[in-house]
Amino acid sequence: MKTVRKIISLVLALALLGGISAPLMIKAKTEEKAETDCKTLCGAALKATGGSKKLKYSSASAMDFGALSSSARKKVKSIQYVCDAKEVYSLCVMTTKNTADAKSLLNTLKKYKKRNCSSNYLSDYSATERKVFKNAVCGRKGTCVW
């Protein structure tokens, strides 16, 4: 039952991230502050869903996010990546310098997901973990990608 709750929590975090990021960005712009950063967006998504104890590893380096090639990493302005030990339950928010780079990164994430869902990449994952990976939510708002 705990695993199901954690899966639901992660899926909600990813789904709500799109709804959460827009108000945060609007708030930041109206207050004439710097653009909302990735860490804040990740934190807001986790707070809105109650977080997850499985997400124990955190990184602000694009190198640690395995879905990106070296050329894709160059498009990342900032990143916040949190995950569990197997990198199944994870949340990643990236910002780019411009909208074109964000569109490109979103396409990269979608291709990564599609490619790995139809390969033996997930063979060492449990059925529940496979389902989480296959139902991952990717999205973009302006220069933010998740």
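This is a predicted model: local features need pLDDT of at least 70, side-chain atom pairs count only at pLDDT 80 or more; totals for chains, interfaces and linings use all residues.
1. Overall fold. The protein chain has 5 helices and 5 strands, and from the N terminus its elements follow the order α-α-β-α-β-β-α-α-β-β. Of its 146 residues, 40% count as buried. If contacts between residues at least 6 apart in sequence are taken, 61% of them join residues at least 24 apart.

2. In soluble globular proteins, nonpolar side chains tend to be buried together. Here the largest nonpolar core holds 33 residues, and the members that touch the most others are F65, L68, V76, I79, M94, L105 and V145. At least two residues of this core come from each of α2 (38-49), β2 (76-83), β3 (90-96), α4, α5 and β5 (144-145).

3. Contacts of F65. With neighbours within four places in sequence left aside, F65 is in contact with I79, Y81, C92, M94 and L109. Among these partners, I79 and M94 are, like F65, in the group of core residues that touch the most other members.

4. Dimensions and start of α4. Helix α4 has 19 residues and spans 27 Å from its first C-alpha to its last, close to the 27 Å expected at 1.5 Å a residue. At the start of the helix, a side-chain oxygen of N98 comes to within 3.2 Å of the backbone nitrogen of A100.

5. The two faces of α4. The buried residues of α4 are D101, A102, L105, L106, L109, Y112 and N116. They lie on the same side of the helix, because the arc they cover around the axis is only 140°. These buried residues pack against α3 (70-73), β2, β3, α5, β4 (140-141) and β5. On the face turned away from the buried side, α4 carries the exposed residues A100, K111 and K114.

6. Aromatic pairs. The whole structure contains 5 aromatic pairs. In the pair of Y121 and F133, the ring centres are 5.7 Å apart and the planes stand at 50°, so the pair is tilted. Y121 belongs to the loop between α4 (99-117) and α5 (127-134), whereas F133 is in helix α5, so the pair ties together parts that are 12 residues apart in sequence.

7. Y121 has 32% relative accessibility and counts as partly exposed, while F133, at 13%, counts as buried. Both residues belong to one aromatic cluster, together with Y112 and Y125. Y112 is also one of the buried residues of α4.

Note on methods
Residues are numbered from 1 along each chain as its sequence is written. Side-chain values use heavy atoms; hydrogens and water are left out. Rings of Phe, Tyr and Trp (its six-membered ring) pair if their centres lie within 6.5 Å; planes under 30 degrees apart count as stacked, over 60 as edge-to-face and the rest as tilted. Helices (H or I, at least four residues) and strands (E, at least two) are DSSP runs, numbered from the N terminus. Buried means under 20% relative accessible area, exposed over 50%, partly exposed in between (1.4 Å probe, protein chains only). A nonpolar core is a set of buried Ala, Val, Leu, Ile, Met, Phe, Trp, Tyr and Cys residues joined through side-chain atoms within 4.5 Å. Contact means heavy atoms within 4.5 Å. The expected span of a helix is 1.5 Å times one less than its number of residues. The arc is that of the directions from the helix axis to the C-beta atoms. A polar contact is a pair of N or O atoms within 3.5 Å; within protein, one must be able to donate a hydrogen and the other to accept it, and residues adjacent in sequence count only if both atoms are side-chain atoms.
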